[in-house]
Amino acid sequence: MKRLRLGQHYVPSWNVVEDGVRGIFERAYFANNGPLVQDLDRVAAEATGVPYAVAVTNDMMAMMLAAKSLFRQGGVVIAPPFLSPQLREALVWGGYRVRMLDVDQITRQLDPDTVERSVDGETAGIVAVHVLGNVGNAAELEARAAALNVPLIFDASDAFGAATSGRLAGSFGDASLVSFGEADLLNAGEGACVTTRSLEVSNRVRTLRNFHPGQTFAQMPLRMNGKMAEAPAMLALAAFADVTERIAMNSRRFDTYRRALEAVESLTLLEPVDEQANYQRLVVELAPSVGTASHVARCLDPYGIEARPAVAATDAKLYPVAGAMFERLLELPNGADIRDEDVFEIAGRLKKIAAI
Amino acid sequence: MKRAVEELAIFGGTPLFDSIKPVGQLAVPPLDAYLERLRPIFHEHRLSGNGPVVAELERRLAEYHGVSHCIAVANACVGLVMVLRQLVGGKRGNAIVPAFSYSGIPHIVQWAGQMPKFCDVERRRHGLDPVAVDRAIDEDTTVILAVANVHGTCEIDALQEIASRRKVPIVFDSVSALGASFGGKMLGSFGRAEVFSLHATKMLNGFEGGYITTNDDALAQVLRDQRNSGVVNARLNEMHAALALLCVDQLDDVIGRNEARYRAYERELASVEGLELLRYVDEAREHYTYQMAFVAVTDRWPLTREDTVKVLRAERAFAMPYYSPALHHSSHCPIGVAVPELPVAEELARLFMYLPGGEHTTIDDVASCGELLRFVHEHGDEIRRRLSENAA
């Protein structure tokens with residue numbers, strides 16, 4: 001039985017892979033800020049509408065280095081409860097304490113007023129998430145954080161290509177991180193980049209990602225091997241080249257889901273809220289009568305259909321809105337290998353579960 | 001070859017080598033074999049997520065090192081931080097580390113929530129000095145991070161005995177010693193865990209990457225769970241694993257070529273007064289990878305080590321000072337950490353440089369380096385004078 005996987009799983013054509021690998025072997029340059037990584041830094045910056053991008057090992061590393069480049073040592077970082085576990089762990093590795101704040105019921109993002117009330121002398125920074133691929137109220141939070149003089153980092157991994165009021169995800173706050181994991185739109189196997197409008201921040205991250213004296217662009221007391229190698233850089237460059245086509249495929253698949261799920265009252269397909277979307281995350285909101293997202297995911301599993309709660313688990317007693325999101329929002333397969341008939345198969349199974 | 005001092009590249013002459021002769025291993029399998037390995041990965045659209053190639057690599061490496069568990073990770077530094085964080089169990093304190101080692105060491109222990117406590121090293125293998133370690137352990141010591149060096153591992157038995165007696169966990173950073181043995185036993189199963197690298201410049205080229213080896217079932221389970229469940233993103237991708245896997249197959253051949261280069265350096269440097277090739281300890285009994293040729297620049301050599309490196313680099317022979325300065329005197333030493341006098345580390349950090357090695361250096365290249373060094377020795381006074389004039 002074919003398994004219908006979560007995640008995007010786009011790969012470039014084999015010819016691109018073969019040529020790319022041949023080039024790496026010919027240059028015998030495999031790691032350590034090679035020519036492809038340097039190209040990627042430039043391409044990723046252009047694609048997110050900022051002057052600087054710095055490619056790193058993966059999203060966790062991106063958060064470790066971005067936080068160290070912006071947040072003062074040992075403080076408290078404000079974040080939404082559904083910040084992914086590895087990004088939370090990145091902050092713990094960095095020596096920060098994480099304070100979760102529930103999100104707004106309508107926008108599902110950190111509420112600027114609540115954030116403002118919560119900032120105190122211990123606050124070292126804010127990490128916000130473009131949750132489910134939506135930029136949403138990012139500009140408002142950005143303005144408030146700037147007024148409070150608190151550095152702000154966005155996790156833009158779900159939202160590459162999304163834009164509102166002409167501004168792309170990846171360009172908000174003091175820095176953003178964009179993941180190149182295989183479940184993401186831009187699949188490099190593993191990898192990520194930190195994007196920023198600040199030369200100073202980019203110099204700090206560039207320094208932080210290695211130990212080499214020749215790659216020192218700012219005085220940073222703590223550093224790490226966070227370098228990306230040439231193979232993932234080659235795949236990330238190919239992903240940027242293909243991204244318009246990938247978004248179009250996502251959009252077409254999203255439309256198929258719309259048709260397949262219409263007239264099912266207990267299931268609501270979540271539409272993007274931004275003017276421009278990447279359709280990466282395919283999420284349905286379940287009516288309480290259907291059961292929780294975890295329950296429905298377990299029901300789909302025997303049929304070879306991967307599904308899961310669309311946000312990370314959180315304590316619903318402490319964070320009612322984020323807790324309700326964990327219980328009610330279900331993510332469904334939306335990758336390169338999902339065909340129209342698969343979408344109808346998934347929708348059919350969901351309808352049966354909803355009817356029980 | 002150079003006939004006059006002005007023909008040296010540092011004084012405007014043509015460089016000895018057409019391309020840079022690096023120090024990294026840079027071993028590669030045949031391109032076609034690698035592409036064949038990649039085809040199913042791309043056909044299945046399965047590039048990461050602890051896939052089948054990573055699993056196969058882990059099995060092969062566990063077998064190679066003779067250990068129960070191998071956990072592949074994104075790179076060796078991430079692997080070290082994971083192991084250290086697990087062993088210190090949330091306690092903040094000091095981690096005992098060698099002062100004569102690579103610059104990442106003090107950073108890695110800080111990511112694990114510890115401050116480095118620098119210890120002196122011993123002269124034979126250049127690893128942590130067991131006597132100094134025993135003296136340095138105090139109530140705030142949470143872990144010992146011993147580094148196995150490329151030319152001689154470290155005094156593993158003595159360090160393990162101290163760790164056990166003082167009840168402090170010990171971890172071996174064996175990044176530079178993959179393929180080496182201690183007491184006739186392959187590295188991989190010493191201490192609570194060992195960590196190795198899959199960086200292109202090391203013995204197994206996986207572009208970038210690393211792995212943890214251990215016989216501790218519980219530790220292995222926790223580390224694997226952390227990596228697989230997404231609590232820590234430390235995944236190695238399949239492209240990297242596939243390259244490393246093919247390099248495992250050719251490891252013996254690579255070591256053979258390294259030893260041939262090392263023997264060539266032995267022959268060449270035998271007749272160069274003032275430069276002493278660093279010998280491997282107990283060669284008859286132990287395995288070594290012979291990856292690098294380290295040379296002590298003694299006071300019988302006419303130039304300083306730094307000037308010698310400049311002369312060689314101008315010729316495109318990528319020489320480097322070895323672990324210099326000592327970590328406690330470097331910019332990598334955190335502010336507020338006590339800087340004791342560590343005489344052996346300080347002396348060694350002033351003494352050695354390493355010469356080109358790895359797959360991009362041929363036996364003929366080694367001979368050329370030998371000839372160049374003999375020329376430098378012969379014309380040492382004039383070279384020194386001209387370097388000093390240029391500097392002025």
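Val76(A) sits opposite Thr123(A), a residue of strand 4 of chain A. In this predicted model, local features need pLDDT of at least 70 and side-chain atom pairs count only at pLDDT 80 or more, while totals for chains, interfaces and linings use all residues. Residues are numbered from 1 along each chain as its sequence is written, chains are lettered from A and ligands numbered from 1 in the order in which they are written, and side-chain values use heavy atoms, with hydrogens and water left out.

Helix 4 of chain A packs on the sheet and touches strand 2, strand 3, strand 4, strand 5 (152-155) and strand 8 (175-179) of chain A. The direction of helix 4 makes about 140° with that of strand 3 of chain A; axes here are lines fitted to C-alpha atoms, for helices over the stretch in contact, and angles run from 0 to 180 degrees between N-to-C directions. Helix 6 (residues 138-148) of chain A also packs on the sheet, touching strand 4 and strand 5 of chain A, and its direction makes about 160° with that of strand 5. Contact means heavy atoms within 4.5 Å. Helices (H or I, at least four residues) and strands (E, at least two) are DSSP runs, numbered from the N terminus.

As for the sheet itself, chain A has 7 strands in an open arrangement, ordered 1-9-8-5-4-2-3 with mixed pairing. Strand 1 (52-56) and strand 3 (97-100) of chain A stand at the edges with a single partner strand each, so one side of each has no neighbour in the sheet. Two strands pair if DSSP finds at least two bridges between them; strand 2 (residues 76-79) and strand 4 (residues 123-129) of chain A pair in the parallel sense over 3 bridges.

Now to chain B. Here an open sheet of 7 strands has the order 1-9-8-5-4-2-3, again with mixed pairing. Strand 1 (69-73) and strand 3 (115-119) of chain B are the edge strands, each pairing on one side only. Strand 5 (residues 170-173) and strand 8 (residues 193-197) of chain B run parallel and are joined by 3 bridges, and Val171(B) has Ala193(B) as its bridge partner in strand 8 of chain B. Helix 6 (residues 156-166) of chain B packs on the sheet against strand 4 and strand 5 of chain B, its direction making about 155° with that of strand 5.

Where the chains meet, 47 residues from chain A and 44 residues from chain B take part in the contact. The area buried between chain A and chain B (accessible area, 1.4 Å probe, that two parts lose on being put together, summed over both) is about 4100 Å², with carbon and sulfur atoms giving 68%. The interface has 1 salt bridge, that is, a side-chain nitrogen of Lys or Arg within 4 Å of a carboxyl oxygen of Asp or Glu. Glu190(A) and Arg235(B) meet through their side chains in a salt bridge (2.7 Å, N to O). On the chain A side, helix 1 (14-27), helix 3 (59-70), helix 4 (85-93) and helix 8 (230-261) each supply at least two of the residues that touch chain B. The largest share, 7 residues, comes from helix 1 of chain A.
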